[in-house]
Amino acid sequence: MIKFILRLLYILILFIEGLIITRVILLLINANTENAFVSWVLNVSSFFIAPFQGVVSSQVLINKFELPVNGLIALFFYIIAGFIVSELLSSFSKN
């Protein structure tokens with residue numbers, strides 16, 4: 001039962017990471033926010049990025065691209081969380 005819960009958490013973290021990566025790419029290419037898919041990704045991923053707002057400046061300008069730093073910090077955090085869950089999965093699967 002614990003392995004099942006940990007697998008669900010791992011899948012959830014992968015979903016969150018995918019959303020954040022998609023958000024960063026969409027913001028990087030300045031996608032149309034009136035598009036239904038873009039709007040959905042931005043709305044859903046903003047819930048997961050909200051705890052990291054204000055940690056650093058929200059965007060860095062590189063040439064003509066605005067890089068959303070808060071999304072990258074959130075992605076880094078969720079990657080570490082995913083690694084921890086992955087290690088927990090592997091430790092429980094050995095028993």
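Which helix does Ile 21 lie in? Ile 21 lies in helix H1; helices here are DSSP runs of H or I with at least four residues, numbered from the N terminus. This is a predicted model, where local features need pLDDT of at least 70 and side-chain atom pairs count only at pLDDT 80 or more, while totals for chains, interfaces and linings use all residues. Residues are numbered from 1 along each chain as its sequence is written, and side-chain values use heavy atoms, leaving out hydrogens and water.

Let us begin with the helices. The expected span of a helix is 1.5 Å times one less than its number of residues.

| Helix | Residues in helix | End-to-end C-alpha distance | Expected span |
|---|---|---|---|
| H1 | 27 residues | 39 Å | 39 Å |

Now look at which residues are covered. Buried means under 20% relative accessible area, exposed means over 50%, and partly exposed is in between (1.4 Å probe, protein chains only). In H1, the buried residues are Leu 6, Ile 13, Ile 16, Glu 17, Leu 19, Ile 20, Arg 23, Val 24 and Leu 26. Ile 21 is partly exposed, at 41% relative accessible area. Just after H1, Asn 30 has a positive phi of about 55 degrees.

In H2, Val 38, Val 41, Leu 42, Ser 45, Phe 48 and Ile 49 are buried. Seen down the axis of H2, these buried residues fall within an arc of 120 degrees, so they line one face of the helix; the arc is that of the directions from the helix axis to the C-beta atoms. On the other side of H2, you can find Ala 36, Asn 43 and Phe 47 exposed. At the start of H2, a side-chain oxygen of Asn 35 comes to within 2.8 Å of the backbone nitrogen of Phe 37.

Phe 37 also belongs to a nonpolar patch on the surface, along with Met 1, Phe 4, Ile 5, Leu 8, Leu 9, Ile 11, Leu 12, Phe 15 and Trp 40. Together they have about 1,100 Å² of accessible area, from the Shrake-Rupley method with a 1.4 Å probe. Patch residues have over 30% relative accessible area and no salt bridge, and nonpolar side chains are joined within 5 Å. A salt bridge is a side-chain nitrogen of Lys or Arg within 4 Å of a carboxyl oxygen of Asp or Glu. H1 gives the most to this patch, with seven residues. Trp 40 is found in H2 and is partly exposed, at 43%.

Technical notes:
Patch = residues over 30% accessible without salt bridge, like charges linked within 9 Å, V, L, I, M, F, W, Y side chains within 5 Å. Helix = DSSP H or I, 4+ residues; strand = E, 2+ residues; numbered from the N terminus. Polar contact = N/O pair within 3.5 Å; in protein donor to acceptor, adjacent residues only side chain to side chain.
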